[in-house]
Amino acid sequence: MPKQVYIETYGCQMNMADSEVVGGILSKEGYEITHDISRANILLVNTCAIRDNAEQRIYGRLGYFHAQKKKNPDLVVGILGCMAERLRMKLVEEERLVDLVVGPDEYRRLPLLVEEAFAGEKGIAVRLSRVENYEDIVPLRTDGITAWVSVMRGCDKFCTFCVVPFTRGRERSRSLDSVVQEVADLAYRGFKEVTLLGQNVNSYRDGENDFADLMRRVAEVDRTNRVRFTTSHPQDMSDKLIETIASNKNICKYIHLPIQSGSDRILKLMNRTYNVEHYLQLVDKIRNAIPGVSLTTDIISGFPTETEEDHQMTVKLMEEVRYDGAYTFKYSPRENTKAWYMDDDVSEEEKGERVSAITALQHQISLELNQRLIGTVEQILVEGESKKSAGDFTGRSDTNKTVIVPRNDERPGEYVNARIHSANSATLFGTREHTNEIRRVVVEEDVA
Ligand code: SAH
Ligand code: SF4
Ligand code: F3S
């Protein structure tokens, strides 16, 4: 019987996509991926190092896996991903928690390392690469409606708070052809939506082709399928990309555009390379070019030296932009980053208060924006049964909002027009609408 591998994934969508790459690599060598931890011979945790609390959670899980191994000494336990890259030897030597430590650019070596681990050897592979992009690996995906496609890896931006350039190494892109081919295969398999991924996805480049070119080519693969992307740095949000989103009906009108702070002084300390004025101009440009676009952001509270005034500037910016959603974080110092050497001088309590204030404000704004949609029709791609009520389907609008509609005879993967009758800050609720009021994604004249 083939050896069974259980993979647990933390962190961002890039990590989710990487776990599928790992699945692809191991299954090609005869391993089987299982979702049942009790059947596994190999436990792999694909980890995140972005904030200390992310790591603490994973330490908890490693403790549990370690206990499993005590009961069953034949079990191989491995840690993958960003925390593996960050902590390296520490996990094998000092803490003796795991058999394998494998960083994001070394997954090709997994079959060998796993084999050696079964022979009792501890393995560590944490070299970062300037070229590895796994473009020839077919990720192991369960058939479904939506898929992630990693198009570039690494990050060269070096925001002073961020560990990613250290855990993922330098930026490198896959070839445009390999991405288009993968998207075509996914369409053939019945996937209806792809999300192109990278920590800085809009700095993608393959020779003459930039991210806008890639998006256009991917959108052309099948006009009845949706295309999304994440996550975009404001600096690389080119006019050409905005125009490409605006002019391709099946590129979703949704942009995650992290600002991090509303204070120019803090943005400078963060090395974010734009100021509030630039950012607001960019938002205006996007909203003028793409009517109805939804925007979300990331915000860090309590970066070193952040004062109450800086915090109020962030509040003001949020009131000005009125994002559809925001992910808010308390600043967490990460070893070796530039900010690590700054004094972490905002107290936990203040960080907490600022994050709560921002979260409450965003909640209110999201609620107001969503309630304004009551009475309108949203085209949604049905993804499956609603978790809360089996009688309902859940799907997402073009603008990436979750919409619940009563279940009918259609299947997941089909588009439904929903007339919104109620909304909270996170979800819209609709009834099915048979109408031509909004156009289907498939429109002949869209094809450029
Ligand atoms: N590449 C993406 C960000 C990826 S990390 C981008 O630049 O948009 C996701 C978010 O985590 C960041 O946008 C930031 O808000 C947050 N984050 C990163 N490092 C952090 C830290 N040290 N403390 C708190 N939040 C952090
Ligand atoms: Fe981190 Fe900045 Fe790179 Fe995003 S752009 S991954 S925040 S260094
Ligand atoms: Fe975390 Fe690494 Fe992603 S640190 S956010 S898993 S790139």
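How close do the axes of α11 and helix α12 come, and at what angle do they cross? In this predicted model, local features need pLDDT of at least 70 and side-chain atom pairs count only at pLDDT 80 or more, while totals for chains, interfaces and linings use all residues. Residues are numbered from 1 along each chain as its sequence is written, and side-chain values use heavy atoms, with hydrogens and water left out.

The axes of α11 and α12 (residues 308-321) come within 11 Å and cross at roughly 15 degrees. Axes here are lines fitted to C-alpha atoms, for helices over the stretch in contact, with angles running from 0 to 180 degrees between N-to-C directions; helices are DSSP runs of H or I with at least four residues, strands are runs of E with at least two, and both are numbered from the N terminus. On the α11 side the contact (heavy atoms within 4.5 Å) is made by V276, L280, V283 and R287, and on the α12 side by L317, E320 and V321. Sorted by type, these residues of the α11 contact with α12 come out as five nonpolar, no polar and two charged; Ala, Val, Leu, Ile, Met, Phe, Trp, Tyr, Cys and Pro count as nonpolar, Asp, Glu, Lys and Arg as charged, and the others, Gly among them, as polar.

Helix α11 (residues 276-289) also packs with α9 (residues 239-247), their axes coming within 9 Å and crossing at roughly 30 degrees. That makes α9 roughly parallel to α11. D239, I242 and A246 of α9 meet L282, K285, I286 and A289 of α11, a set that splits into five nonpolar, no polar and two charged.

Two loops leading up to these helices have backbone details to point out. The peptide bond from T230 to T231 is cis, with omega near 5 degrees, and T231 sits in the loop between β13 (226-230) and α9. T273, in the loop between α10 (264-269) and α11, has phi near 70 degrees, a positive value in a residue other than glycine.

As for the overall layout, the domain assignment gives domain 1 (4-125), domain 2 (146-367) and domain 3 (377-432), with bounds from an automatic or database assignment. The C-alpha centres of domain 1 and domain 2 lie 28 Å apart, and their contact takes 18 residues from domain 1 and 19 residues from domain 2.

Conventions:
Chains lettered and ligands numbered in written order. Parallel < 35°, antiparallel > 145°, perpendicular 65-115°, else oblique.
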